[in-house]
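Student: I would like to learn how to read a protein structure. Could you walk me through some features, one at a time?
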Amino acid sequence: MMNVQTLPSAARWNQSFNQPALKLESDERWSDFPEVLSLLRFDGNLQGFSDTTLFRRRRLKAGQTALCMGQPFEGLYVVRLGALKTSMTHVDGAEHVLAFPMKGDLLGFDGVCKNKYLSEVTALTDCDLIKIPSSELFTPGRSCNDIERMAYWAISREIVQEQSAYASYHSTKSEARVARFLRIQSERFNTMGYSPNRFTLPMTRRDIGNHLNVTLETVSRAFSALDHLGIIAVERREVKILSLEALRKFEH
């Protein structure tokens, strides 16, 4: 699998919309199609699987913005490393946190509809993203290739996950939503190959509350209750799940 390759200096990352140009190392980093498929955990069917396209990586420091609301659609991004926050800011200035993308998740698919991104994506940790440029997607007059099939599959998966999360969080009581959120994070870390029982949350409790549509006080109260019951142990953002079965019961 080809993970890193140096290309001529003429192939440079374009400056982001309303963002300062990111400094790149002299050896630009690239990912191949098999690595993208592996990150997405693609399990669909491809025609021949012979694409040799390379995709440029983009590095972000914690706090940097990957995509802005209103930015012209330039392509999709696959999270290779790190954690981010996707949010929308309403006309009254209020922010709503939509999701917390991590390794293997897809970014930017909301930009397909109106040819501009409809949400903002901010890095919560240092991140490495892989860009699938718009020139490889949805081009008029070209036949659907393996990259487009993968993109359709990944977009559909993200929509299903968002719908499932919305239905799951809004069908339970406030403190139970927090327990369900922790259980889902445990499953996500397990899928990424990390420990499902001990992990560090990259997001703040305020962001968790915003995402779950509960107050910061509710999130803190739920953490304290779960800790007091011996279901989890919490130290700042580090969470240790002591009983996954009890955590599941707390959700109901």
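Tutor: Let's begin with burial: a residue is called buried under 20% relative accessible area, exposed over 50%, and partly exposed in between, using a 1.4 Å probe and protein chains only. Helices (H or I, at least four residues) and strands (E, at least two) are DSSP runs, numbered from the N terminus. This is a predicted model, in which local features need pLDDT of at least 70 and side-chain atom pairs count only at pLDDT 80 or more, while totals for chains, interfaces and linings use all residues. Residues are numbered from 1 along each chain as its sequence is written, and side-chain values use heavy atoms, leaving out hydrogens and water.

Student: Which residues of α3 are buried?

Tutor: Among them are Ala176, Arg177, Val178, Phe181, Leu182 and Phe189. Helix α3 covers residues 174–191, which is 18 residues. The expected span of a helix is 1.5 Å times one less than its number of residues. From first C-alpha to last, α3 reaches 26 Å, close to the 26 Å expected. Just after α3, glycine 193 has a positive phi of about 95°.

Student: What is the nearest side chain of opposite charge to arginine 177, and how far away is it?

Tutor: For charge, Lys and Arg count as positive and Asp and Glu as negative, while His and the chain ends are not counted. A salt bridge is a side-chain nitrogen of Lys or Arg within 4 Å of a carboxyl oxygen of Asp or Glu. Arginine 177 is buried but has no salt bridge, and glutamate 251, the nearest side chain of opposite charge, is 11 Å away.

Student: Which backbone oxygen lies 2.8 Å from a polar atom of the arginine 177 side chain?

Tutor: That oxygen belongs to leucine 212. Contact means heavy atoms within 4.5 Å. Leaving aside residues up to four places away in sequence, arginine 177 touches Tyr169, His170, Thr172, Leu212, Asn213 and Val214.

Student: How many salt bridges does the structure hold?

Tutor: There are 18 salt bridges. In one of them, arginine 188 meets aspartate 105 at 2.7 Å, N to O. This pair links distant parts of the chain, 83 residues apart: arginine 188 is in helix α3, and aspartate 105 is in the loop between β6 (95–99) and β7. Arginine 188 is partly exposed at 22% relative accessible area, whereas aspartate 105 is buried at 9%.

Student: Where do glutamate 175 and arginine 221 lie?

Tutor: Their side chains meet in a salt bridge of 2.6 Å, N to O. Glutamate 175 lies in helix α3 and arginine 221 in helix α5 (residues 216–228), so the bridge ties together parts 46 residues apart in sequence. A further salt bridge joins glutamate 245 and lysine 249, with the closest N and O atoms 3.7 Å apart. These two are 4 residues apart in helix α6 (residues 244–250), which means about one helical turn separates them. There is also a network of salt bridges linking Arg180, Arg183, Glu187, Arg248 and Glu251.

Student: What is the strand order in the open sheet?

Tutor: Two strands pair if DSSP finds at least two bridges between them. The open sheet of 5 strands has the order β1-β2-β9-β4-β7, with antiparallel pairing. Its edge strands, β1 (30–32) and β7 (106–107), each pair on one side only. Inside this order, 6 bridges join β4 (residues 75–81) to β9 (residues 127–133), and leucine 76 has isoleucine 132 as its bridge partner in β9.

Technical notes: Polar contact = N/O pair within 3.5 Å; in protein donor to acceptor, adjacent residues only side chain to side chain.
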